[in-house]
Amino acid sequence: MLSKINYELKFSNKRNSKIITPCCQKSNKDLKFVNFVGLPNNYGYCHACGESTLPQSLYENEKGELFKWNKTLNKLEKTVIQNCHTESHTNCMTDIKKHDLTTKVHGFDTNYGVFSENHYLSSPKSSKIIDKTVIQKSLKQPASNNFCKYLYSNFKAKRVEQVIKDYRIGTTANGFTIFWFINLLGNAQKSKAILYQNNGNRTNQIRVNFKNEQGYYFCLYGEHLLKNQSKPIILVESEKTAVICSIKLPQYNWLAYSGINGLTLDKMHVLKNREILIIPDISQKAVNVMRKKSEDFKRLNIDFQIYDLTNGKTDEELQEKEIYNKDISDLIVSP
């Protein structure tokens, strides 16, 4: 038996001037958009255009699982996190674990789980492919870089070994960590080499050896993992975040779009017709960048939700609390 979840919609007494309004896609400096109490910043009423932005109707069964109406399939289906808002950052992992994130199956053989190259939704921008012998050479001693050593010192060795293998994390001769950007067909298009400190924090030393001008272009980091269609998809900003989250929550496919402005239309094409959850870094700026991409998502029929970890706080307030620009992996490894 499913029961509809009712929202108690009350206007907030405090208006956020830092957001981009979901209806008009304009700055809220004039404070004409007012939020609803207890909901993310993209839900509220706009006095400029007179439009209310409301959360989609949700239904809950006796197990606490959430469902929404799929207009395309004309039926209720289990859904990704909809109430992407929590009053406490310490509860965010509980929120993610509580709900069963599900993906739509597109381009896969649903009987055998085998990816078909004929259905590969490639980016419009084709890239040269990196010789696999170069990649294999970097994988010989994966634990010899500081990032992998950090992982081994903070997480279970078996999980770390599996994730290093899954993401094919490599090492340079001078200790840089190599993140290989491998597409859905299993070919590496690009690499990013980063020198990390012993505490897992990166230095300013970053190398991208395969250049755009040479014909090598980034895809989503971890894109090749989409071959496993049984795992729901979560996007984060950095490669490090994707790796750490994959260790802690291996039931999801964790992909990285590489930087606050890294989710380009070219990278999005592989997500066409899919359902995803996006978890930007903890800043209003990062969240708003994702919200502004809503038209691109719709164009590619990407069913997306944004998990806003700012809890409605401005970037100035986040800086005061010393959580500005942190990400979900920081919450995972924090005491």
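Let us start with helix 5 (residues 239–248), which lies across strand 11 and strand 12 and runs at about 85 degrees to strand 11. Here contact means heavy atoms within 4.5 Å, and angles, from 0 to 180 degrees, are taken between N-to-C directions of axes fitted to C-alpha atoms, for helices over the stretch in contact. Helices (H or I, at least four residues) and strands (E, at least two) are DSSP runs numbered from the N terminus.

This is a predicted model, where local features need pLDDT of at least 70 and side-chain atom pairs count only at pLDDT 80 or more, while totals for chains, interfaces and linings use all residues. Residues are numbered from 1 along each chain as its sequence is written, and side-chain values use heavy atoms, without hydrogens and water.

Strand 11 (residues 177–182) and strand 12 (residues 188–196) pair in the antiparallel sense over six bridges; two strands pair if DSSP finds at least two bridges between them. Within this pair, F179 stands opposite K192 in strand 12. Both strands belong to an open sheet of four, in the order 10-11-12-13, with antiparallel pairing. Strand 10 (170–171) and strand 13 (202–207) each have a single partner strand, so they stand at the edges with one side left without a neighbour in the sheet.

Stepping back, the chain has ten helices and 17 strands. Of its 335 residues, 50% count as buried, meaning under 20% relative accessible area, with exposed over 50% and partly exposed in between (1.4 Å probe, protein chains only). W69, in strand 6 (residues 66–70), counts as partly exposed because its relative accessibility is 40%.
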